[in-house]
Amino acid sequence: MKQIVITPEIEKAAQAYADGLFADKRSDFVQPLKGLQNLITDLKEVNDGLADRDKYVEYVERIIKEYKGLLTLKPTKFKEYKDEYDKILKEDRLTVTVKHRGRSLPDSEEERKGLAVKSGVFYEEIVERMHYKDCRQYLAPQMKVIGINTCVYCNIYPALSSATRNEVYYPFDHYKPKSKYPFLCTCFYNLNPICPECNGHKLDDDEKKGYQLYVDSGKGRDPFVFEIDRRKIEEGNPESVEVNFKARVAADKTLCDDYNKWYRIEDYYNDTAVRRDNYQMIRAIDSYRGSYADATEASLPSIVDRRKLFLDVLGVKDDENIFTDLKKKLKVDTAKDARLI
């Protein structure tokens, strides 16, 4: 919904994630590098009929070699790395079925010979051995550190986790899909906190593109804006209040329309119960709209701290990171329209 510029604080969080990933697991846990090495063993020992087998081995060897760096690889490097991996295996070769005997293998070749041979999709075997499903609990604490407490797609549902139980109640969405970028399946910057609702809708359409949350430098894009029809507010009927999701500039209209369709933004924000909450929020903002701040400014120049006023009204400190609070973007956009900030 709005991009985040990668700051030193975020880089530190990404590194903390990489350093701590699976470090607390018991000795019987098959660490990613060991699991990937076992996949290479299986490629060599039980895949005699696999065309270009050496290329599959090379692909996995490259992941092993670059593993630590891949965990914190920044988005500006994604294409460069993808091009290099594509030189080894094109995308369509990643879905080939390979034979394997599991993530854990005995060291002895004689013992391995007696194991049952199974089949699996090549890229899925990589993702499984890199433990994507287990990395959520290591990502969640770092999300809290950098202030991502909501779904980054809708901003209306929370990203919930339990510190006491070490449980995470929300999934992570891959900006670059696992099927084409298996080497990035546990990369910090490729994983976006997403609520189950948005995640479910996203799966409905194979043509959807991921949303790049992080940018390396400059100013993150904020292409969308919420608009309120204040005539509806004046009617005094909370259930008539309507939130419109718009593009800031005409060039982003198609993106906005698609985003709204993919993630049901207007559907969520115009739900009956949510409308009532929106009504109260907008009334709170409008009670200070223009006249209060402007009149005070006119009589006592430079005395009005509009950002403090915004904090007092809605409890939101700033408008840079919109993911610290639920519906923060709606609050910020409405407050800006009311010249409260």
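Q: How many disulfides does a search of the whole structure find?
A: It finds 0 disulfides, a disulfide being a pair of cysteine sulfur atoms within 2.5 Å. Before you ask, this is a predicted model, where local features need pLDDT of at least 70, side-chain atom pairs count only at pLDDT 80 or more, and totals for chains, interfaces and linings use all residues. Residues are numbered from 1 along each chain as its sequence is written, and side-chain values use heavy atoms, with hydrogens and water left out.

Q: Are Cys 151 and Cys 256 buried or exposed?
A: Cys 151 is buried, at 1% relative accessible area, and Cys 256 is buried at 2%. The cut-offs are under 20% for buried, over 50% for exposed and partly exposed in between, using a 1.4 Å probe and protein chains only.

Q: Switching topic: where does Leu 330 lie?
A: Leu 330 is in helix H15, residues 328-337. Helices (H or I, at least four residues) and strands (E, at least two) are DSSP runs, numbered from the N terminus. Leu 330 is buried too, with a relative accessible area of 0%.

Q: What does Leu 330 touch?
A: Leaving out residues up to four places away in sequence, its contacts are Phe 226, Ile 228, Val 243, Tyr 269, Asn 278 and Met 281, where contact means heavy atoms within 4.5 Å. Ile 228 is 102 residues from Leu 330 along the chain, with 9.3 Å between their C-alpha atoms.

Q: OK, charges now. How many salt bridges does the structure hold?
A: There are 30 salt bridges, each a side-chain nitrogen of Lys or Arg within 4 Å of a carboxyl oxygen of Asp or Glu.

Q: What about Glu 91 and Lys 82?
A: Their side chains meet in a salt bridge at 2.8 Å, N to O. Glu 91 is partly exposed at 32%, whereas Lys 82 is buried at 4%.

Q: And how far apart are the N and O atoms for Arg 103 and Glu 128?
A: That salt bridge is 3.6 Å, N to O. The pair links distant parts of the chain, 25 residues apart: Arg 103 in the loop between strand E2 (97-100) and helix H5 (109-113), and Glu 128 in helix H6 (residues 122-129).

Q: Which residues are linked in a network of salt bridges?
A: Asp 42, Glu 45, Arg 101 and Arg 112.
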